[in-house]
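I opened this entry to keep a careful record of what I looked up, one place at a time.

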Amino acid sequence: MTKLSSKHLLGIKNISREDIDLIFSTADNFKAVINRPIKKVPSLRDITIANIFFENSTRTKLSFELAEKRLSADVINFSAGSSSVKKGESLVDTVNNILAMKVDMVVMRHPNPGAAMFLSERVDCSIINAGDGAHEHPTQALLDAFSLRERLGDLTGKKVLIAGDILHSRVALSNIFCLQKLGAEVAVCGPSTLIPKHIEALGVKAFLNFRQALEWCDVVNMLRIQMERQDIQYFPSLREYTMQYGLSRQLLDEVGKEDIIVMHPGPINRGVEITSDIADSEYSIILDQVENGVAVRMAILYLLAGQANSAN
Ligand code: CP
């Protein structure tokens with residue numbers, strides 16, 4: 001297969017295993033490119049991409065911008081806070097005005113679940129979802145799985161635990177879909193108040209006891225508590241949360257996990273969900289995830305630009 005099945009990347013739920021394999025094989029090539037002394041290729045020289053962010057971001061925004069520049073695309077960046085959205089302009093009007101300036105693709109982060117899908121049905125360009133509320137974060141899941149594949153090879157039968165605030169996490173949902181499509185077994189762990197009620201219907205195991213969950217898994221992906229999406233208190237205090245669900249070297253030693261892989265999508269709250277002696281340890285592939293994010297996003301941009309005029 002040489003083409004993705006859609007002209008957008010809105011989520012992992014609706015893409016195929018073949019799409020994921022194509023993104024990974026393309027990212028393998030771009031990873032080689034960005035490790036060369038000359039890191040730039042002319043692949044998207046005639047393409048203009050707008051990064052429109054309605055929510056804060058460090059990694060995703062910079063990683064997309066760097067991926068676009070490595071592909072020689074022209075790039076414009078839009079931050080909602082300093083735009084005419086503040087004067088009442090709608091999302092569709094905003095994007096149509098950007099497209100009128102001859103922009104070809106839009107990368108969008110938005111606090112509302114479904115915002116990327118909504119936009120893709122109303123404007124005439126490829127949309128890449130860079131995170132829509134607590135719904136999906138497809139490029140994060142793809143870079144996470146790409147990083148695991150680099151370490152473990154085939155993910156079939158590998159046991160991946162996602163721990164923390166599952167309820168408010170777009171990373172969790174996209175990771176569940178992506179890892180399952182790649183044949184991995186997925187479990188989640190956290191306080192019962194932060195685990196969606198029907199998560200097991202997705203074929204996911206749910207643990208409330210972090211120690212038991214760690215005993216089960218080959219890989220643990222630690223998520224932060226998303227305070228900005230919590231309107232009520234889901235656990236008594238951060239201190240108690242850390243005592244029950246924080247990952248530390250002492251806990252890994254007690255559980256006897258010597259070959260576990262530790263991931264985190266960032267941003268990390270050190271001392272809450274993970275201690276520095278693990279975040280910066282030999283177990284951690286956190287910075288590999290960030291490095292691979294550029295190659296994976298280059299692959300997605302390249303593949304979508306190649307089929308922007310297809311009928312999907
Ligand atoms: N992982 C992630 O999405 O990080 P940012 O919010 O900094 O983009």
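I began with S72, which lies in the loop between α2 (59-70) and β2 (74-79); helices (H or I, at least four residues) and strands (E, at least two) are DSSP runs, numbered from the N terminus. S72 has a positive phi of about 70 degrees although it is not a glycine. I noted beside this that most residues other than glycine have a negative phi, and that most peptide bonds are trans. A cis peptide bond, with omega about -10 degrees, joins G266 and P267, and P267 lies in the loop between β9 (261-263) and α10 (276-279).

I reminded myself that this is a predicted model, in which local features need pLDDT of at least 70 and side-chain atom pairs count only at pLDDT 80 or more, while totals for chains, interfaces and linings use all residues. Residues are numbered from 1 along each chain as its sequence is written, and side-chain values use heavy atoms, with hydrogens and water left out.

Next I looked up the ligand. Which residues surround it? I listed S57, T58, R59, T60, R109, H137, Q140, P265 and G266, where a residue counts if one of its heavy atoms lies within 4 Å of the molecule. A polar side-chain atom of R59 lies 2.9 Å from an oxygen atom of the ligand, and a polar side-chain atom of H137 also lies 2.9 Å from a ligand oxygen atom. A backbone N or O atom of P265 lies 2.8 Å from a nitrogen atom of the ligand. The protein covers 91% of the 260 Å² of accessible area that the ligand has on its own (Shrake-Rupley method, 1.4 Å probe).

Finally I turned to salt bridges, each a side-chain nitrogen of Lys or Arg within 4 Å of a carboxyl oxygen of Asp or Glu, and the structure holds 13 of them. In one of these, the side chains of R149 and D28 meet at 2.7 Å, N to O. This pair links distant parts of the chain, 121 residues apart, with R149 in helix α5 (residues 138-152) and D28 in helix α1 (residues 17-34).

Note on methods
A polar contact is a pair of N or O atoms within 3.5 Å; within protein, one must be able to donate a hydrogen and the other to accept it, and residues adjacent in sequence count only if both atoms are side-chain atoms.
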